[in-house]
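Hi everyone, thanks for making the time. I'd like to walk you through one structure today, so please have a look at it before I start talking.

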Amino acid sequence: MTAYIGKRVSRVDGRAKVTGGARYAAEHNVPNLAYGFVVSSEVARGKITRIDAKKALALPGVLHVFTHENTPRLARSDKRYRDQVAPPGSPFRPLHDDEIKYSGQPVALVVAESFELARYAASLVRVEVEREAHATDLESAGKQAYRPKKRSGIDRPPRPRGDADKAFARAAVQLDAELRVPVEHHNPMEPFATTVVRDEDGRLTVYDKTQGVQNVQNYLCNVFGCTKNELRVISPFVGGAFGSGLRPQYQVFLAVLAARQLKRSVRVSLTRQQMFTFGHRPATYQRVALGAKRDGTLEAVIHEAVAETSRFEDYSEVVVNWSGLLYRCDNVRLDYKVAQLDLYTPIDMRAPGAAWGVYALECAMDELAVKLGIDPVELRLRNYTERDQNEDKPFSSKELRACYLKGAEKFGWARRNPEPRSMREGDTLVGWGMASGVWEATQLPASVKAVLTADGRLTVSSATADIGTGTYTIMTQIAAELLGLPIENVTFKLGDSSHSKAPVEGGSFTASSVGSAVKAVCHKLRAKLLKLARTIDGSPLAFAGPDDVTFADLEIRSCWDPSLAVSLTDVLRCGDQGAIEEEASAGPQPNQKRYSRYTHSAVFAEVKVDRDFGTIRVTRVVSAVAGGRILNPKTAGSQVLGGIVGGIGMALEEESVIDQAFGRFMNHNLAEYHVPVNADVHDIEVLFVEEEDEVVNPLGAKGMGEIGLVGVAAAVANAVFHATGRRVRDLPITLDKLL
Ligand code: MOS
């Protein structure tokens with residue numbers, strides 16, 4: 001029995017969020033705050049020949065207009081601009097020189113006494129540019145695609161095994177498909193913003209919207225040449241991010257620049273339109289070729305992907321590797337290239353790489369199933385693998401088979417008529433589709449500090465983030481459980497660069513990484529407390545070892561005789577200490593290298609398509625997820641649910657459309673960039689198939705941030721085919737493509 005771990009604990013930060021008590025980056029108010037507004041380039045490529053800010057500066061209350069011409073010299077080497085998550089290359093430097101690298105690039109920052117004034121003054125700044133020809137179309141640039149430089153933490157495609165091309169050519173049944181996924185923007189509810197508060201000594205407190213306070217702090221200190229003592233980054237609440245906040249965005253640079261120069265507190269917030277002026281999910285096209293025997297046995301898998309990157313950085317993701325991992329096959333060839341465009345460098349967006357790589361594979365598997373006349377679930381079971389053939393390793397745990405079976409049962413898959421267009425309700429075509437999902441289960445080094453005071457209150461802290469995922473809650477649960485405290489006695493703090501070291505929150509590795517450090521620090525505290533308890537005069541636990549006691553109800557208690565107990569208050573009092581404090585780190589163990597560590601899912605979707613109008617509704621989704629031990633079914637379930645909603649958006653709605661003449665995203669607002677709203681989201685059910693996994697990390701939890709999205713777009717696309725008999729291979733599947 002556990003008190004908190006594995007329980008549906010509601011968010012500990014929920015009250016603050018729904019009452020407005022949670023303050024976001026642009027909500028920290030101080031007296032004498034100045035406001036910056038960004039002037040964005042209207043041109044995709046060229047050289048700035050003149051910036052005329054006279055009219056703006058003439059307005060009373062306008063303080064300064066920053067441009068590349070008056071920005072002080074900052075760090076020179078690329079290295080100083082490279083944050084922890086930066087791909088190889090030369091990171092973009094705001095207001096660095098006269099060069100325009102992409103449409104929407106910040107070319108000036110107007111600072112004024114009010115936001116409205118800054119915004120108006122920004123409209124008066126004239127930027128003259130000598131235009132150069134730009135290229136923003138992936139299809140044309142794809143010919144120059146190349147294999148990107150290795151990005152740290154991103155595995156390259158494995159070497160080919162067997163001879164996939166020969167095996168494909170000889171296969172009894174062949175499927176060769178090309179698929180496209182457009183640019184998508186994260187569009188979190190909270191736009192990027194930074195409030196820099198400057199104290200009299202010139203020290204800066206930077207309230208920023210970010211997934212990594214220490215990443216931002218390191219970047220700013222490197223670029224501006226200041227010490228960590230002089231610049232602290234705080235971000236306790238983040239209104240969604242989905243990866244967009246993994247790297248420092250340009251508004252944080254501009255806000256710090258202005259605060260240092262003007263010796264004032266400054267806020268810079270971006271508009272929704274400007275949320276389309278930095279990283280995004282890259283535009284991509286891919287080929288998947290599958291060869292199989294008549295019984296469905298896969299004989300060849302070929303997966304080639306091309307994605308966009310910028311001219312200045314080699315952005316890459318794990319895209320095609322999944323195709324060598326998910327099914328047993330001895331002839332596999334995977335290739336992944338990038339092509340440079342005059343756009344900003346893409347950035348990780350929820351399940352980067354897998355979202356679109358697994359989409360392509362899983363749609364191709366569905367097409368193959370149709371060709372073979374085999375049920376799509378059955379085809380996947382026939383090619384099930386117990387071993388990761390990419391790396392020739394066993395899985396630390398893999399309950400994907402159970403996901404297929406339980407998901408199918410819950411969904412009612414057995415009642416599916418395999419014939420396309422066969423399931424109807426009047427004028428509505430009903431389609432059922434499914435797909436597999438897979439994501440990494442990673443652990444990174446992280447540290448945590450804990451302070452227990454004599455009143456039985458525990459404060460645990462780490463410089464991680466909670467981007468809506470439930471970090472606050474699960475860390476609180478782990479600590480309360482391990483020290484036997486009521487959950488109200490535990491406070492978890494995060495989002496402050498002065499906290500113990502933690503990685504950015506991303507990659508679904510926070511529960512695993514920071515959670516393991518919380519566990520480690522609690523074990524240190526337990527050891528210290530027991531040691532003190534044994535020294536109390538006449539202690540009932542004088543001879544107890546760590547395995548002889550439990551921590552519950554604010555007591556240390558003998559496992560053998562619960563009446564033998566010492567209260568934590570007495571322990572702290574006897575130690576004559578107001579508080580005890582510990583810090584601990586946890587990180588990957590050598591043993592993990594012997595196993596492949598992944599989360600898996602099986603996604604089932606029902607769509608209803610209007611026969612005449614082609615409108616699509618996703619009426620039902622069942623996702624069965626194997627993600628190790630579930631720390632909190634409520635927050636984990638919400639993660640998967642949110643991922644599914646993202647997947648529905650990817651399948652049917654999301655697309656950032658470039659006008660190639662301007663090289664610019666045209667639908668840069670939430671009226672024209674569509675995301676699912678309540679009316680688009682119907683019945684969603686999440687099932688967990690729990691796994692015992694002692695390899696992934698000391699908690700056995702695999703992480704839930706991304707797996708919910710993987711496979712969803714494919715399941716929906718496959719359902720649309722089943723409903724209509726039309727195979728749309730380029731996302732999003734809009735009604736015009738169906739008619
Ligand atoms: Mo996630 S795309 O690593 O925030």
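Let me start with one side chain: E99 is partly exposed, at a relative accessible area of 31%. For these labels, buried means under 20% relative accessible area, exposed means over 50%, and partly exposed is in between, with a 1.4 Å probe and protein chains only. A quick word on the source: this is a predicted model, where local features need pLDDT of at least 70 and side-chain atom pairs count only at pLDDT 80 or more, while totals for chains, interfaces and linings use all residues. Residues are numbered from 1 along each chain as its sequence is written, and side-chain values use heavy atoms, with hydrogens and water left out.

Back to E99, then. What does E99 form with K101? The two make a salt bridge, with their closest N and O atoms 3.9 Å apart. The term salt bridge here is a side-chain nitrogen of Lys or Arg within 4 Å of a carboxyl oxygen of Asp or Glu. Side chains of opposite charge can pair when their charged atoms come close. K101 is partly exposed too, at 25% relative accessibility.

How many salt bridges does the structure hold? There are 47. One of them pairs D392 with R387, at 2.9 Å between the closest N and O atoms. D392 is exposed at 53%, and R387 is partly exposed at 37%. Another joins K410 and E685, 3.5 Å from N to O. This pair connects distant parts of the chain, 275 residues apart: K410 sits in helix α11 (residues 400-411) and E685 in strand β30 (residues 683-688). Helices (H or I, at least four residues) and strands (E, at least two) are DSSP runs, numbered from the N terminus. Both partners are partly exposed, K410 at 45% and E685 at 28%. There is also a network of salt bridges that links D165, D176, R287, E304 and R333.

Now to strand β14, residues 332-340. Is it enclosed or open? Seven of its nine residues are buried, so β14 is largely enclosed by the rest of the structure. Strand β13 (residues 298-309) runs parallel to β14, and nine bridges join the two; strands count as paired if DSSP finds at least two bridges between them. In one of those bridges, V306 has K337 of β14 as its partner.

A351 has a positive phi, near 55 degrees, although it is not a glycine, and it is buried at 0%. K263 also has a positive phi, near 50 degrees. K263 lies in the loop between α8 (250-262) and β11 (265-269), but K263 is exposed, at 54%. One more backbone feature: the peptide bond between L731 and P732 is cis, with omega about -10 degrees. P732 belongs to the loop between α16 (712-724) and α17 (735-738).

For those of you thinking about cysteines: how many disulfides are there? A disulfide means a pair of cysteine sulfur atoms within 2.5 Å, and the count is zero. C329 has its nearest cysteine sulfur, that of C363, 19 Å away, and C329 is buried at 2%.

On a 1 Å grid over the protein atoms alone, a cavity is a set of points where a 1.4 Å probe fits but cannot get out, and a pocket is an open set with protein on both sides within 12 Å along at least five of seven lines; lining residues have an atom within 4 Å of a point. The search finds three cavities of 30 Å³ or more. The largest holds about 100 Å³, and its lining includes Y81, F92, R247 and Y344. The second largest cavity holds about 50 Å³, and Y344 is among its lining residues as well, along with H280 and F665. The second largest pocket holds about 590 Å³. It is lined by 26 residues, with V39, S40, S41, E42 and G104 closest to its centre.

Notes:
Points joined across faces, edges and corners; volume = space filled by probe spheres on them.
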